[in-house]
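Subject: Structure handover

Hello,

I am passing on the structure we spoke about. Please look through it first and then read the notes below it.

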Amino acid sequence: MKRIVLTSLIFVAITGSVVSAQQFRRSSGVVMPLRLSVRPDSRLWLEGSSNIRDWRCDATTLDASIDLDDGAAYDASDKAIERLRRVQVRVPTYALTCGRSQMDNIMYKALRVDDAPDCRQIVGHFEVVSRSDDADHSLVMQGTLRIAGRERVVRVPVEVQQQRDGSLRAQGALPILMTDYGITPPKALFGVLRTENRIVVKFDLRVDRASTIASADGER
């Protein structure tokens with residue numbers, strides 16, 4: 001009999017604690033961000049020009065995610081765009097390809113891939129700093145972009161669309177100068193081909209509702 005009573009008391013104490021924790025979460029307004037990984041058809045690429053022709057390098061591998069506030073109730077009826085909080089992007093430098101092995105090698109050398117571990121990845125962390133009141137769902141995100149081991153604070157406009165199935169699509173373009181990251185604009189053919197200093201980093205990220213991989217608590 002004593003054992004039954006003791007077990008009952010323990011059960012009441014545990015369930016009471018759970019209820020109290022849930023009530024605290026609701027009353028305190030604690031937000032639990034949800035991280036969504038991007039779909040395989042998401043893309044990131046670089047566009048630039050030279051004195052001879054324009055060029056483009058595509059990322060064959062892309063590790064990126066989008067964080068939403070209070071993601072526990074995320075479904076197709078939610079206005080997920082209004083709850084978008086953060087975007088993270090990580091691309092191995094060797095995953096960039098420009099379509100020609102000679103240009104790939106020139107780019108890898110310019111990005112100092114073999115000089116230090118920090119040069120082996122392009123990494124971006126961005127948070128929403130402003131939202132438009134228009135129906136086009138444009139955002140401005142600010143954060144850091146690290147290329148060739150050098151990190152700088154940047155701002156990038158992003159267009160976000162929520163599809164009928166509840167998935168999200170985020171598109172943006174960020175013009176940068178290679179020299180801002182300590183990169184000397186590459187030359188080839190004994191200086192006959194000279195790339196321009198300005199390049200544009202573009203991305204098209206797509207996220208499905210079912211692609212949740214982890215809570216964003218404790219990020220970085």
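The notes below go through what was found, by topic.

This is a predicted model, in which local features need pLDDT of at least 70, side-chain atom pairs count only at pLDDT 80 or more, and totals for chains, interfaces and linings use all residues. Residues are numbered from 1 along each chain as its sequence is written, and side-chain values use heavy atoms, with hydrogens and water left out.

Overall make-up

The protein has 2 helices and 14 strands; these are DSSP runs numbered from the N terminus, with helices being H or I of at least four residues and strands E of at least two. Of its 220 residues, 39% are buried. Here buried means under 20% relative accessible area, exposed over 50%, and partly exposed in between, with a 1.4 Å probe and protein chains only. Counting contacts (heavy atoms within 4.5 Å) between residues at least 6 apart in sequence, 63% join residues at least 24 apart.

Disulfide

There is 1 disulfide in the structure, a term for a pair of cysteine sulfur atoms within 2.5 Å. Cys57 and Cys98 form it, with an S to S distance of 1.9 Å. Cys57 lies in strand 3 (residues 54-59) and Cys98 in the loop between strand 6 (96-97) and helix 2 (101-110), so the link ties together parts that are 41 residues apart in sequence. The link is right-handed, with 90 degrees about the S-S bond, and both cysteines are buried. Cys119 counts as buried too, at 6% relative accessibility.

Core

A nonpolar core is a set of buried Ala, Val, Leu, Ile, Met, Phe, Trp, Tyr and Cys residues joined through side-chain atoms within 4.5 Å. The largest one has 50 residues, and Leu84, Val91, Leu145 and Ile147 have the most contacts inside it. Strand 13 (residues 198-207) supplies the largest share of this core, 5 residues. Leaving aside neighbours within four places in sequence, Val91 is in contact with residues including Leu44, Ala59, Leu96 and Ile122.

Cavity and pocket

On a 1 Å grid over the protein atoms alone, a cavity is a set of points where a 1.4 Å probe fits but cannot get out; a pocket is an open set with protein on both sides within 12 Å along at least five of seven lines, and lining residues have an atom within 4 Å of a point. Grid points are joined across faces, edges and corners, and a volume is the space filled by probe spheres set on the points.

The search finds 1 cavity of 30 Å³ or more. The largest cavity holds about 120 Å³, and Leu44, Val91, Leu145 and Phe203 are among the residues that line it. Strand 7 gives the most to this lining, with 4 residues.

The largest pocket holds about 410 Å³. Of its 22 lining residues, Trp55, Met103, Ile106, Leu193 and Thr195 lie nearest its centre. Helix 2 gives the most to the pocket lining, with 5 residues.

Backbone

Most residues other than glycine have a negative phi. Arg112, in the loop between helix 2 and strand 7, has a positive phi of about 55 degrees and is partly exposed at 24% relative accessibility. Ala148 also has a positive phi of about 55 degrees. Ala148 sits in the loop between strand 8 (138-147) and strand 9 (150-162) and is buried, with a relative accessible area of 5%.

Regards
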